[in-house]
Amino acid sequence: MKGRLELAVFAAGGVTRHPLPAEGKVILGRAEESDIRIDDGSVSRRHAQIYLGPPLRIEDLGSANGTTVRREKGAGGTVRLLDTRVEPGKLVEFGVGDAINLGSTILVVRKVDDEEPEVRGDGSPSSYVIRDEAMKRLYALAERVAEGPISVLLLGETGSGKEVLAETIHRKSPRASGPFLRLNCAALSESLLESELFGHEKGAFTNAVRSKPGLFETAEKGTVFLDEVGELPLGIQVKLLRVLEDRQVMRVGGLAPRPIDVRFVSATNRDLASEVQKGTFRQDLYFRLNGIALSIPPLRERRSEIEPLARTFAARAAASIGRSPPEITREALAAMTSYDWPGNVRELRNAIERAVVLCEGVIRPEDLVLEGRVQGTASAPRNVPLTGTVPLTTLDPSFASFSVPPDDATSQLRGGVVDTSSSGSLREELGSLERQRMIDALEKCAGNQTAAAAMLGMPRRTFVSKLSAYNIPRPRKKG
């Protein structure tokens with residue numbers, strides 16, 4: 001199999017990616033000592049073990065909520081998804097692109113081409129889509145800014161595309177042939193951050209057995225991107241200010257400063273001016289970083305980009321698991337366009353990647369997992385989620401008291417569209433959709449009510465009460 005393999009973990013509404021070795025075993029679980037740790041309550045401490053092949057195989061290690069492999073099967077021009085439960089102690093083969101359920105968490109092994117760069121932890125795309133007029137003006141300004149040496153401060157909500165814009169500035173600058181160093185200022189402790197940024201001399205501290213250049217030195221003739229710069233400790237802020245002013249770094253334990261030639265691009269979702277007033281961010285550093293500030297609008301303010309971004313992410317995700325790009329229905333596009341996207345482009349990408357894994361060749365509204373609420377537009381009632389669970393507390397109060405008959409034909413809702421032609425029809429279909437989602441969640445979580453409630457983003461007490469309201473049989477605990 002050419003190219004590297006990585007494991008995409010869909011849990012708690014987000015996606016993390018982990019490179020896999022060419023051979024050997026990888027233990028998955030919630031315990032700290034797991035090879036790949038999955039922090040989800042439905043995952044056991046030592047849940048399962050993957051054997052790298054070929055062939056790829058997985059073994060359940062006696063987990064509480066079970067392990068299931070979902071395969072895509074095609075016959076007669078149709079696509080079906082078949083679930084195979086992994087019995088503890090037995091090995092089950094699976095392929096790239098097959099979905100694996102550990103409790104309510106979904107895993108997918110995907111192929112990364114050798115030419116493709118390593119996937120970054122935040123999942124931001126390496127290319128961008130521009131349709132919105134404000135974004136066109138922003139990127140035009142960024143290209144002009146890129147030509148000079150001025151420091152740039154990027155402002156915007158989490159996941160809005162600050163790193164992509166920083167990469168664009170680097171690629172359009174005279175430093176494009178130099179390194180582009182990404183540094184998440186919130187990911188390291190103050191002591192480790194100082195050593196990593198500035199480097200250290202031999203003997204500067206315990207285990208410093210040799211001299212090590214800092215990251216600023218390794219970015220010579222390139223661009224340093226300081227993400228989440230608002231999280232920098234005050235002690236590091238003082239030293240960073242000195243670097244910006246003198247263009248020199250002093251290694252930990254060093255006696256003489258070393259000159260550097262780098263450009264700084266910073267990003268934050270905080271209001272740094274307010275942080276300066278609070279005393280948590282230095283005013284002089286703020287002025288140094290803010291040579292020019294570029295503000296990126298959130299995705300909900302540039303809805304014309306949602307469809308092309310969704311199609312781009314779907315094609316990319318499908319290719320990585322060896323599938324053809326799925327069709328996206330008009331109803332799914334309407335749901336995405338109406339949604340507020342609190343996680344912005346990153347959340348959209350995560351939702352699409354998950355949908356590509358779960359859908360049967362066509363992405364429908366029910367394949368999306370949208371955690372927040374939709375924007376009030378003509379395409380959807382305000383505050384009513386079109387996908388995932390539909391908690392009654394988010395509906396209009398007039399809907400809260402309806403009941404669903406036990407013989408409700410929930411199977412007719414699969415792949416269907418919510419009909420808003422009458423309030424009675426809407427109530428029944430929303431109730432049926434929620435009932436079926438609860439049943440599906442219980443199946444995926446092997447009857448674990450706590451895990452199923454967490455999967456749907458519903459309080460456990462509410463989930464249990466709705467089991468009775470919807471006449472859903474209570475799962476029995478296994479012997």
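In which helix does N344 lie? N344 lies in helix 10. Its phi is near 60 degrees, a positive value in a residue other than glycine. N344 is buried, with a relative accessible area of 0%; buried means under 20% relative accessible area, exposed means over 50%, and partly exposed is in between (1.4 Å probe, protein chains only). A positive phi also occurs at K221, near 70 degrees, again in a residue other than glycine. K221 is found in the loop between helix 4 (215-218) and strand 16.

The model is predicted, so local features need pLDDT of at least 70 and side-chain atom pairs count only at pLDDT 80 or more, whereas totals for chains, interfaces and linings use all residues. Residues are numbered from 1 along each chain as its sequence is written, and side-chain values use heavy atoms, with hydrogens and water left out.

The chain has 13 helices and 22 strands. Helices (H or I, at least four residues) and strands (E, at least two) are DSSP runs, numbered from the N terminus. Of the 479 residues in the chain, 49% are buried. The chain exposes about 22900 Å², an area from the Shrake-Rupley method with a 1.4 Å probe; for residues, only the protein chains shown count as cover.

Confidence is given by pLDDT, the predictor's value for each residue, from 0 to 100. The chain averages a pLDDT of 77. A score of at least 70 is reached by 77% of the residues. Confidence is highest in strand 12 (residues 152-155), at 95, and lowest in helix 11 (residues 423-444), at a mean of 68. Over residues 114-127, pLDDT stays under 50; the model has 33 contacts beyond four places in sequence for this segment. Over residues 372-426, pLDDT also stays under 50, and the model has 91 contacts beyond four places in sequence for them. Where pLDDT is low, the predicted coordinates should not be read in detail.

Strand 6 (residues 56-60) is mostly covered, with four of its five residues buried. Strand 6 pairs with strand 5 (residues 48-52) in the antiparallel sense, over four bridges. Pairing requires that DSSP finds at least two bridges between two strands. A48 has D60 of strand 6 as its bridge partner. A hairpin of three residues joins strand 5 to strand 6. Strand 6 also pairs with strand 9 (residues 91-94), again in the antiparallel sense and over four bridges. Here L56 has F94 of strand 9 as its bridge partner.

In strand 1 (residues 4-11) sits V9. V9 counts as buried, at 4% relative accessibility. V9 and I100 are 91 residues apart in sequence, yet their C-alpha atoms are 9.5 Å apart in space. In a regular strand the side chains alternate between the two faces of the sheet.

A salt bridge is a side-chain nitrogen of Lys or Arg within 4 Å of a carboxyl oxygen of Asp or Glu. By this rule the count comes to 24 salt bridges. One of them joins the side chains of E353 and R17, at 2.3 Å, N to O. This pair links distant parts of the chain: E353 is in helix 10 (residues 344-358), R17 is in strand 2 (residues 14-20), and they are 336 residues apart. E353 is buried, at a relative accessible area of 10%. R17 is buried too, at 12%.

A salt bridge also joins E163 and R182, at 2.7 Å, N to O. E163 is in helix 2 (residues 162-171) and R182 in strand 13 (residues 180-184), 19 residues apart. E163 counts as buried at 8% relative accessibility, whereas R182 is partly exposed at 40%.

The side chains of E231 and R270 meet in a further salt bridge, at 3.0 Å, N to O. E231 lies in the loop between strand 16 (223-227) and helix 5 (234-246), and R270 in the loop between strand 19 (263-268) and helix 6 (272-278), so the pair ties together parts that are 39 residues apart in sequence. E231 is partly exposed, at 30% relative accessible area. R270 counts as partly exposed at 31%. Elsewhere, salt bridges that share partners join E6, R17, R110, R349 and E353 into one network.

Methods
Contact = heavy atoms within 4.5 Å.
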